[in-house]
Amino acid sequence: MSDPESTQIIDSTLSSNSSTAPKKKANKPKKPAQAPTDLQYHAELLDKLEAAIEPKWSGVRGRHAFAKRDIEVGEVVMTETATAVFPRTGSCSLCLSPKTASAAANWVDCEDCKKVGWCSTDCQGMEHPIHAIECKALQEFDAAVEAANEAVKTEQELQRKNNSVNLGSSEKIDSDVARLAIKILARKAAEEGGAEVCEYGTKTDVFEALFSRRENMETADAKGWGKFWSIMMNFVPSPKDGPPYTVQYLTELASRIVANLHPLPSPQSALGVFPLTLLYAPHSCAPNAHLIVLPENTPQRAISIQALRPIKAGEEITVTFIDQLLQPRDNRRGAILMRRRYWCRCKRCATDIEKSSDRFLTAVRCAECKDGVYIIPPRTIHSIFEDVKAMQAGKDIRAERSYACSDCDSQLTHADWAKFITEADKALNLAQEGLRRGGAGGFVQSKTRLGAWYGKYVLGSGMGLKLHPGHTLALTHAGPTTNAQIATADYSAAIATQKATIETIINYGILQKHNIGDMYFRLSRILAEAQKIEEQRKEKKRATLLKKWKAEVVQAVEDGGIVAELLMYIRQKNEADAERLQRASEEARLVEEAAKLQLGEAKAEEVQGEEDAKIKIARDGEGKTGQEAKEDGEVGGEAEKLNLGNEAAIENQIREEAKVAIAEAE
């Protein structure tokens, strides 16, 4: 939201004819403030919840609480079960269990009002004392809401005719608040009857201690609620002891819910009221704790206060009721005013703007000295009424204002400031068009345009004014920029953007680390996603290499088969040669012995010579002498051994290479 729009939040909440307008008080002596009588009772309830806080009260600050002891970061300070809840997504009316496909078999719906359901007959039976009372009222609910909305519309039309439009009024009453109001009235009646279910959550008497801020309800809203309750009065229970509820009381009840209801996050998506939490954990725009629904909370209609940083004993516990902590002070106060109907005066909002880091959220760098910034002062509640009064008279007195540079004498008129901020805001919105459109082309377009936007309006690549890096628009720019970078798989840029934004917030003291935990969480998610993508890339590369290695192993085995065939051929040839040589040697021996027997010793020598010649001739068929043949036989045997050794070595080498390749692949 741009800075000019921040004023619209407040303008739409207040008007000159509203009862919230500041009034001059008579100079009457102030009575000494007295502590509420229920403080001790609430302290006992907090002790039963094992809360680490001690309730306090002062005439200046009202109800608040201090830590009883030192509390560590992440520690649960207290957990409270709601007085009443309204599930907006069809969850169980009692425990808020979602209506899933698996739960459908045991699901029970009310056949009379057809507006309430339970996850089981156990929950239905436990809540029966309350629903039996609210059921009749819910059967008339739709008609009463329609009549109330007509009353709001009629009042608004009348105001327009009188030129006194109440800009803070809504178009209709909040039907969710109406459902909660009926539930609380039914619970109150059940408590008076002593129903067991009323031990489930904080009781209604604590809820009634909350501020209603009925005086801040706009005229049209009051008319609508008045019409609603005038119809529903015949269907809501009356107090056990005392007269029936009046329309004024019931309207104040609705106002108390509006000012104090708290949403429960998904999957419950419900609204609830948590009296003790809201009474003793005040809002701050720089809180030291936050409200959270923890997974271990049973039932899920319970909410916890969890420390965001170490909290010392005696230190006040604060939470926030808004999610605009990086918005300018006017925006935050406007949001609190609309949701809680009071003007935020927390320490951060009460600090002078020139000394507060809030000044950076609206700061524009000086066009002359380049170093200073134009400080935009926040609006006071009195100045707002003056502005609204002038606006209704057709005059904008803000146009007459100007803002001074912090470092030089330069002045920036409100008109020039508003023009520049509006231009930057529109350009930022236009740069996100590709993200909204989607698709690869849209993401790339937004990534490019968002980068160009930052270069022009923050880095000042063009001439003239430029935003301070801590300006809310510059910080807001980081969100869509990171989304575009992730969508285009540019994770390194997304990580850099997120880190730079966090550093800007911390370095300028806009917020502390514990107040931007969501940004650190998102950074961790981006880092995890980037690591996942990198692991997927490595896995893909590994799979490709594995495929290649397997192919090489197969080829090596095939090649090894060819080598084995060659070795087999060589071995068979060597065996044949050796057999032939052995056969020739045996034949020569036999001839020699026969000659000795037949011819005698002398003749044998002659015959021996002839036979030697024959043997020589026979051996010459192999091209070798007998001695050479003998030597060849020995050599052949060695060659056979050598060849067999080579064969085994080659086979072993093939096997070893295959083992290594498979091991590396795995």
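Predicted model: local features only at pLDDT ≥ 70, side-chain atom pairs only at ≥ 80, totals over all residues.

**First stop: helix 15 and helix 16**

Select residues 439-457, which form helix 15, together with residues 472-487, which form helix 16; where these two helices pack, their axes are 9 Å apart and the angle is about 150°. Because angles over 145 degrees count as roughly antiparallel, helix 15 and helix 16 are described as roughly antiparallel to each other. The crossing of this pair is left-handed. To see the contact itself, show the side chains of Phe443, Ser446, Lys447, Leu450, Trp453 and Tyr454 on helix 15, and then those of Leu473, Ala474, His477, Pro480, Thr481, Ala484, Gln485 and Ala487 on helix 16. Coloured by class, this contact of helix 15 with helix 16 shows nine nonpolar, four polar and one charged residues.

**Second stop: Thr481**

Stay in helix 16 and centre the view on Thr481. Is Thr481 buried or exposed? Its relative accessible area is 7%, so Thr481 is buried. If neighbours within four places in sequence are left aside, Thr481 is in contact with Leu450 and Thr497.

Next select residues 219-232 as helix 7 and residues 247-260 as helix 8, which pack at an angle of about 120° with their axes 9 Å apart. That angle makes helix 7 oblique to helix 8, and the crossing of the two is right-handed. Sorted by class, the contact of helix 7 with helix 8 has five nonpolar and three polar residues, and no charged ones.

**Last stop: Thr202**

Finally, move to the loop between helix 5 (175-192) and helix 6 (204-207), and pick out Thr202 there. Thr202 counts as buried because its relative accessibility is 8%. Which side chain makes a polar contact with the side chain of Thr202? The partner is Glu80, whose side chain makes this contact at 2.6 Å. To complete the surroundings, select the residues that are in contact with Thr202 once neighbours within four places in sequence are left aside, namely Glu80, Thr81, Ala82, Thr83, Arg187, Pro275 and Leu276.

Methods. Residues numbered from 1 in each chain as written. Heavy atoms only, no water. Axes fitted to C-alpha atoms, helices over the stretch in contact; angles between N-to-C directions. Helix = DSSP H or I, 4+ residues; strand = E, 2+ residues; numbered from the N terminus. Parallel < 35°, antiparallel > 145°, perpendicular 65-115°, else oblique. Left-handed = near helix turned anticlockwise from the far one by under 90°. Contact = heavy atoms within 4.5 Å. Nonpolar A, V, L, I, M, F, W, Y, C, P; charged D, E, K, R; others polar. Buried < 20%, exposed > 50% of the residue type's maximum accessible area, 1.4 Å probe, protein only. Polar contact = N/O pair within 3.5 Å; in protein donor to acceptor, adjacent residues only side chain to side chain.
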